[in-house]
Amino acid sequence: MKTSLTKINILLGCIIALIVIIAAISLFRTAKETEIKVEVSDRIDVTPTIITAMKEIGEWEFLSITDEELVDTVRKGFFSDDELARIYYGKMSLGINMHKTSPHWIRQKGDSIVLTLPPIELLDKDFIDEARTKAFIESGKWSDADREAMYRLAYGKMLRRCMTESNINTAKENARLQFGKMLKAMNINKYEITWEK
């Protein structure tokens, strides 16, 4: 009785071992026939989300310039001359307005992104701080129209002094750096930045 139980146990053990071996061979063949391929794509999709996020920035300042101008005028009189000299202070912001981008300002070119940005412009046209304007010399009577003429003169001087090609190029370079950082943060490493005429 004991020997027949032992024989049955051995026989069952062999059957179980045979089933395990067959299953292992079957799994090995299936795994060998299955290939796993990993493909790396350099393609970058310009999604509407990226475009919207960039356009929502609105006005972006890339260079701030502070300036002061001394403007004076003399009015010849019969007995004495009237003189008015004022110091004007201003802060000019040079940058771009993302709402002024052209329809295809961002596009894909091969494995790169090309951005065509609007030109650098003066972001705030009201840059003279009139609260800080100081009368340096004021003799005689001056009208509001006289003061307005001096304001316009100071405005023109500041524009000529600050809206130079050198300052515009500095603002462009700062824009390239800032856009580069933003694109790299979005995992876009191949890009080209151009400017509208």
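This briefing covers the salt bridges, a sheet and a helix of one structure. The model is predicted. It holds 7 salt bridges, and one group of shared partners joins D67, E69 and R161 into a network. An open sheet of 3 strands is also described, together with α4, the helix that lies across two of its strands, β4 and β7.

- D67 and R161 form a salt bridge, with their closest N and O atoms 3.5 Å apart.
- This pair links distant parts of the chain, since D67 belongs to strand β1 and R161 to helix α3 (residues 144-162), 94 residues apart.
- D67 is buried because its relative accessible area is 11%, which is under the 20% cut-off.
- E69 also lies in strand β1, which covers residues 59-75.
- The side chain of E69 makes a polar contact of 2.7 Å with the side chain of R161.
- E69 has a relative accessible area of 5%, so E69 is buried.
- Leaving aside residues up to four places away in sequence, E69 touches R86, I87, Y88, A154, K157, M158 and R161.

**The salt bridge between E121 and K100**

- E121 and K100 form another salt bridge, and their closest N and O atoms are 3.2 Å apart.
- E121 sits in strand β5 (residues 121-122), while K100 is in the loop between β2 (82-97) and β3; the two are 21 residues apart and link distant parts of the chain.
- E121 counts as buried, at 17% relative accessibility, whereas K100 counts as partly exposed, at 46%.

**The salt bridge between D111 and K190**

- The side chains of D111 and K190 meet in a salt bridge of 2.6 Å, N to O.
- D111 is in the loop between β3 and β4 and K190 is in the loop between α4 and β7, so the pair ties together parts 79 residues apart in sequence.
- D111 is partly exposed at 28% relative accessibility, and K190 is partly exposed at 40%.

**The sheet of three strands**

- The strand order in the open sheet is β3-β4-β7, and the pairing is mixed.
- β3 (106-109) and β7 are the edge strands, each pairing on one side only.
- From one strand to the next, the twist averages 25°.
- β3 and β4 (residues 112-117) run antiparallel and are joined by 4 bridges.
- Q108 stands opposite I113, a residue of β4.
- Strands of a sheet pair through backbone hydrogen bonds, either parallel or antiparallel.

- α4 has 21 residues and spans 30 Å from its first C-alpha to its last, close to the 30 Å expected at 1.5 Å a residue.
- The helix lies across β4 and β7 and runs at about 145° to β7.
- Buried residues in α4 are N167, A171, A175, F179, G180, M182 and L183.
- An α-helix has 3.6 residues a turn, so residues three or four places apart point the same way.
- Just after α4 comes N187, with a positive phi of about 65°; N187 is a residue other than glycine.
- N187 is found in the loop between α4 (165-185) and β7 (191-195).
- N187 is exposed because its relative accessible area is 65%, which is over the 50% cut-off.

Definitions and conventions
Residues are numbered from 1 along each chain as its sequence is written. This is a predicted model: local features need pLDDT of at least 70, side-chain atom pairs count only at pLDDT 80 or more; totals for chains, interfaces and linings use all residues. Side-chain values use heavy atoms; hydrogens and water are left out. Buried means under 20% relative accessible area, exposed over 50%, partly exposed in between (1.4 Å probe, protein chains only). A polar contact is a pair of N or O atoms within 3.5 Å; within protein, one must be able to donate a hydrogen and the other to accept it, and residues adjacent in sequence count only if both atoms are side-chain atoms. Contact means heavy atoms within 4.5 Å. The expected span of a helix is 1.5 Å times one less than its number of residues. Two strands pair if DSSP finds at least two bridges between them. Axes are lines fitted to C-alpha atoms, for helices over the stretch in contact, and angles run from 0 to 180 degrees between N-to-C directions. A salt bridge is a side-chain nitrogen of Lys or Arg within 4 Å of a carboxyl oxygen of Asp or Glu.
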